[in-house]
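User: Hi! Could you walk me through this structure?

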Amino acid sequence: MDNGKIKKKAPPRRKAPARPKSLYSQDELKEIFRRFSIQRPEPKGELEHVNPFTLVVAVALSAQATDAGVNKATRALFAIADTPEKMLALGEEKVRDYVKTIGLYRNKAKNVIALSQMLIERFGGEVPRTREELIMLPGVGRKTANVVLSMAFGQATMAVDTHIFRIANRLLLAPGKTPDEVEDRLIRLIPDEYLYHAHHWLILHGRYCCKARKPECERCVIADLCRSPEKSCDVPAPLVELPAQLYGPTP
């Protein structure tokens with residue numbers, strides 16, 4: 001019955017982001033990440049750090065460098081400078097001495113001091129918890145920010161490094177011309193329940209199995225599902241959990 005009252009229209013529902021076209025069905029994507037979750041139930045980043053600040057520094061130093069090389073340089077550095085205040089007091093020249101074995105070390109040392117100063121002056125010495133604020137820090141880009149948000153603050157992000165960029169394109173999982181494009185596709189494709197650990201699974205898979213020069217398909221747990229034209233094996237490796245902290249081949 002109309003009592004003369006004007007009915008208010010319900011606000012339009014927000015549409016969920018469209019799922020990009022993929023060669024993999026949603027069931028196949030779930031199975032891929034289910035297997036990764038069994039192989040590495042609690043994947044961890046391999047950069048050594050003791051708090052969010054040292055993580056920011058370590059990830060910023062890791063650009064165009066290996067995690068092992070960064071760890072070797074930062075162990076002694078973080079032992080004496082694990083806060084922005086201590087790092088700033090150490091000074092650029094001494095920071096440079098600690099990180100001189102890392103590529104582009106001069107510019108990176110400069111950025112470490114500059115980001116330490118900004119953290120003190122702008123953020124009260126605390127590492128910010130948003131991507132927008134993190135990328136304001138000198139030497140911190142989107143990838144670094146995503147790693148920090150995930151590893152330090154438990155946010156589900158996709159940090160697209162060289163391994164993930166290669167894997168996404170090689171497997172035709174989320175092909176893209178730029179890291180941002182690949183990130184966007186992966187975020188929309190990966191099932192929600194697996195998104196938090198997904199970037200570590202993909203990094204470790206690229207580092208230890210689907211290697212740059214020659215993928216080791218016979219060791220791959222998703223060989224039967226993989227759509228890569230480079231694939232040399234269709235039989236998946238046995239699906240077993242790797243020993244704790246051992247993400248590469250067993251000795």
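User: Which helices each supply at least two residues of the lining of the largest pocket?
Analyst: Those are α3 (67–80), α8 (142–151), α9 (162–170) and α11 (195–208). Helices here are DSSP runs of H or I with at least four residues, numbered from the N terminus. This is a predicted model, where local features need pLDDT of at least 70, side-chain atom pairs count only at pLDDT 80 or more, and totals for chains, interfaces and linings use all residues. Residues are numbered from 1 along each chain as its sequence is written, and side-chain values use heavy atoms, leaving out hydrogens and water.

User: Which one gives the largest share of that lining?
Analyst: That's α11, with five residues of the lining of the largest pocket.

User: Changing topic, is threonine 54 buried or exposed?
Analyst: Threonine 54 is buried, as its relative accessible area is 0% (buried means under 20%, exposed over 50%, partly exposed in between, with a 1.4 Å probe and protein chains only). Its place is in helix α2, residues 52–61.

User: What is threonine 54 in contact with, leaving aside neighbours within four places in sequence?
Analyst: His49, Phe78, Ala81 and Asp82, where contact means heavy atoms within 4.5 Å.

User: And where does glutamate 181 lie?
Analyst: Glutamate 181 is in helix α10, residues 179–189. Glutamate 181 is partly exposed because its relative accessible area is 33%. Leaving aside neighbours within four places in sequence, glutamate 181 is in contact with Pro175 and Gly176.

User: What separates the C-alpha atoms of glutamate 181 and phenylalanine 165?
Analyst: A distance of 9.7 Å, with the two residues 16 apart along the chain.
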